[in-house]
Amino acid sequence: MWDDRATRRFFANKGASVGLVLVALLLLFAILGPLLSGHHPDHSDFEQGRDALGQLAGSSARHWLGVDHLMRDLLSRLAHGARVSLLVAFVATTISIGMGAIVGLIAGYAEGTRARSLDNALMRLVDVGLSFPYLLLVMAIGAAVGETTILTILLVLGLTSWFGTARVIRSKTIQVRSLDFIAASRALGQSTPLIILRHILPNVAGPLIVIASASVAQMIIAESVLSYLQVGLPPPTATWGRMLQEGQRMYTATPRLVVAPGVLIFLSVLGFNLVGEGLRDALDPHED
Amino acid sequence: MRSTRTKTDVASRGGQWAVRCLLLLLLGCEAKVSPPLGVRRGDATAARGGTLRTAFFTDVRSLDAATAFDTASAAIESLIYDRLVTYDAHGVIVPQLAESVDPSADGKRYTFTLRRGVLLHDGAELTADDVKRSIERSLHVKTPCPVPSYYERIVGYAAYHDGKTASLEGVRISGSHALTIDLTEPDATFLHVMALPIVAPLCKSAGKVYDRTFSSKPCGAGPFKVDRYENGQIIRLVRHDGYWQKGKPYLDAIEWSLGMQSFTQRFKFERGDLDYMREFSEADSTLFRKSPAWQGHGEWEPSLTTAGSFMNTEMPPFDNRHLRRAVSFAINREQVASVRPGHVQAQAKLVPEIIIPSEPGYPAQTFDREQALREMALAGYPYDPVRRTGGYPHEIPYLAIIDSYSGQAAEVYKQHLEQIGIRIRIQLVGWPTFLAKSSRRNTVAMGFSGWHADFPDPSTFFEPILSSGAIQDEESQNAAFFSNAELDDILVRARRSANRGERLALYRQAEAIVAREAPWATVYGYRYFELWQPYVHGYRPHPVLTQYIRDAWIDRDGRKLSGRARGARRAPTTTLALALGGLR
């Protein structure tokens, strides 16, 4: 799946390299940002948060990027927002990809066999899931659950986004299942779970990785949208979407409150998408 | 023409823009607003004509005087419905449709003599029968009047409101233009409640019982009548030519655009598409207030609100009086106010300054963290702020309203309360959910509390929100479910007293009870900054009535004499003075 040729193809792709750098910088920012700023992201600086005219303090040695509407350090909140975004994106993607892979593998392997009713049932479930407006579904679940925690967000995002993955993995599984080495494994008496885990899963891992990297970008956006619509994590937790929502009231006087989280959302989504495209090209043997 | 730019030029420009963007991000910017369109002519005289255009952030759901009781509706109702009495420019009650009001010596009977020749919007002359019919319509059992209890001291109210009698016994017609209202006991707030739109005289088309269709074709005796009313879109009022005050109103029409975001309102106002606005964001309000070109065209409206946090005295942990007191001592009101300077003002007492001004020794809650820590110890939850140990062991949900300042204030309270060992978890919900949950018994331990005066009397800050009578299992106005016999007794005595000095002394005692028992942590008052174009004359914020623009007039010549050419390029809203200037 991944070999030297794939590595060469990946790094020969300038977009992928740029994406990788963006992702690396983002990770670095999430890890080191809060340490650099030295401020608690939820604590207001009532002493120096405003200038003599009552305007929010801009860039200073104390607050490198200034403060937000509640006089909290903007850099610190951006960095904590990065942590939240990345945590949500990675964990929700893991849930989503895991669910999608399990359902896709089972449905694909069952297709055309005596267990095809299982395939049918799972695919109808996928159809129903795909027919719902994704964001509306997420918001409805969020509203129904009421009290939103990071766990709720992870489950809501993870459990509502695996349908497309399942469909892709199912068709890939059907392809792989019909290959000779699977028939040979079966003839040698290997059990179905073993065949799926040992032989089919590695052969569908390429598409899974590509879907996962694109999914991370989607999850960052989804989490930001939920926060922007105020159905995400409750205040004062710093998230980029919430920062956008809070900043828009101050946009005319202090545009950095909107620009800063907006730019970070843009760059992180761009980064993960570029990496995803690079992976797709690198893992596609037809490109070689 | 062929481009002569080289790759180096393009790269260089790209680099410059990158640096500009970085500087924008790092340094922020200097923002400006455009100067006004039109000029203020000192020699302009009041003249009829013109349409005043303004907007509301919200929709206006109803214009039925009996039921519409929110701020937006009230502003329009004050133009459609004149009342028997109203407030003058100093906030003093004066007759309006009544020519005279004569209270009896015992304060239990009021005789109203109506002006003659007052025409309603349908052209009929106002009579005492219209007044009685309108009062009975509003207080009828089938009318969803939000505050019928304000009128419960009218003789026969209970029987009429319960549907046991066909008419309200205490309201008696004594002539075509005279009526008396009898009360069961003296009530110092009676004339205030008679100044509410609830009991404004309506046309006969309103009927004797509530009919929701009346809201779409309201009819009263105010200076303006409804020309167009589309929910969520627009309300247009036009002059009532038969208005009883000769020569008034000046304006031909007033138009409200409904459901317009404050952000949009600001830009429309700056473009000259709105003549008056009030719902500024904090940032825009600051910009206009700082702009030299806009000086003299705006003013703060008086704050008639008190806001803070209620603590449910029936629910743990706030059934513990010391814990409530700890909260009230822990909140630094000046810091809360500093978050939205100008709009939010620190307020440590329940009754706003404009109703009872503070004086030395006036009872109020104070910020005293040491005392808060002592109260925590007395409550049984000692907290060590150095080691950060102890305190109340559980997180307390705090209910606030989405998209409102209450959420921001809660984020500041959270910081203050953490310093005495209380952790709150903020829950933002929509307005209807907030109302439903906070007014249900044993449901919410702590949350936003806010109250806007229905009329400028201290009683409106106690009886509806902190008296035992205001407690109900559902839809309780008393969200703290605070029941205190001493307070109840003081409030009744204050309401019955006609002596202002005695009333103020009693309300002072009531305020002391609230400060001591802390069912609310009173924290701030909220006010709006109002701004109008220079060619709008005859308007100043009223001390009691919101957006009382009935006497406004437009200097149409001044509107044409533009300070800047209409359609000319606007000053950039955001001038990257540092970023761009440094690169030029």
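Reader: Hi! Where in chain B does B:Phe481 lie?
Author: Hi! B:Phe481 lies in the loop between helix H13 (463-466) and helix H14 (485-496) of chain B. Helices (H or I, at least four residues) and strands (E, at least two) are DSSP runs, numbered from the N terminus. This is a predicted model, where local features need pLDDT of at least 70, side-chain atom pairs count only at pLDDT 80 or more, and totals for chains, interfaces and linings use all residues. Residues are numbered from 1 along each chain as its sequence is written, while chains are lettered from A and ligands numbered from 1 in the order in which they are written.

Reader: Thanks! Is B:Phe481 buried or exposed?
Author: B:Phe481 is buried, because 26 other C-beta atoms lie within 10 Å. The cut-offs are 20 or more other C-beta atoms within 10 Å for buried, 12 or fewer for exposed, and partly exposed in between, with C-beta atoms placed from the backbone.

Reader: Ok, peptide bonds next. Is the one between B:Lys248 and B:Pro249 cis or trans?
Author: That bond is cis, with omega about 0°, and B:Pro249 is in the loop between S10 and S11 of chain B. The bond from B:Pro316 to B:Pro317 is also cis, with omega near 5°. B:Pro317 belongs to the loop between S14 and H8 of chain B.

Reader: You mentioned H8. How many residues of H8(B) are buried?
Author: Eight of the 10 residues in H8 (321-330) of chain B are buried, so the helix is mostly covered. Among them are B:Leu323, B:Arg324 and B:Phe329. The cover includes strand S14 (305-311), helix H10 (369-379), H11 and strand S21 (520-526) of chain B.

Reader: Back to S10 and S11. What is the strand order in their sheet?
Author: The order is S2-S11-S10-S9 (chain B), in an open sheet of four strands with mixed pairing. Strands S2 (51-55) and S9 (224-230) of chain B are at the edges with a single partner strand each, so one side of each has no neighbour in the sheet. Neighbouring strands are turned by 15° against each other on average, direction ignored.

Reader: How many bridges link S9(B) and S10(B)?
Author: Six, and the two strands pair in the antiparallel sense; strands pair if DSSP finds at least two bridges between them. One of the bridges joins B:Phe224 to B:Arg239 in S10(B). Helix H2 (71-80) of chain B packs on the sheet, touching S9, S10 and strand S11 (253-257), and its direction makes about 140° with that of S9(B). Axes are lines fitted to C-alpha atoms, for helices over the stretch in contact, and angles run from 0 to 180 degrees between N-to-C directions.

Reader: Now chain A! At what angle do H3(A) and H7(A) pack?
Author: Helix H3 (74-110) and helix H7 (163-177) of chain A pack at about 40°, with axes 7 Å apart. That makes H3(A) oblique to H7(A): under 35 degrees is roughly parallel, over 145 roughly antiparallel, 65 to 115 roughly perpendicular and the rest oblique. Residues making the contact include A:Gly100 and A:Gly104 of H3(A) and A:Ile169 and A:Thr173 of H7(A). Residues are in contact if their C-beta atoms, placed from the backbone, lie within 7 Å.

Reader: What about H9(A) and H11(A), how do they cross?
Author: Helix H9 (192-228) and helix H11 (256-283) of chain A cross at roughly 170°, with axes coming within 8 Å. That makes H9(A) roughly antiparallel to H11(A).

Reader: Last one: how many residues does each chain give to the contact between A and B?
Author: Chain B gives 31 residues and chain A gives 27 residues. Elements giving two or more residues on the chain B side include helix H1 (7-27) and helix H11 (405-418).

Notes: Two residues are in contact if their C-beta atoms, placed from the backbone, lie within 7 Å.
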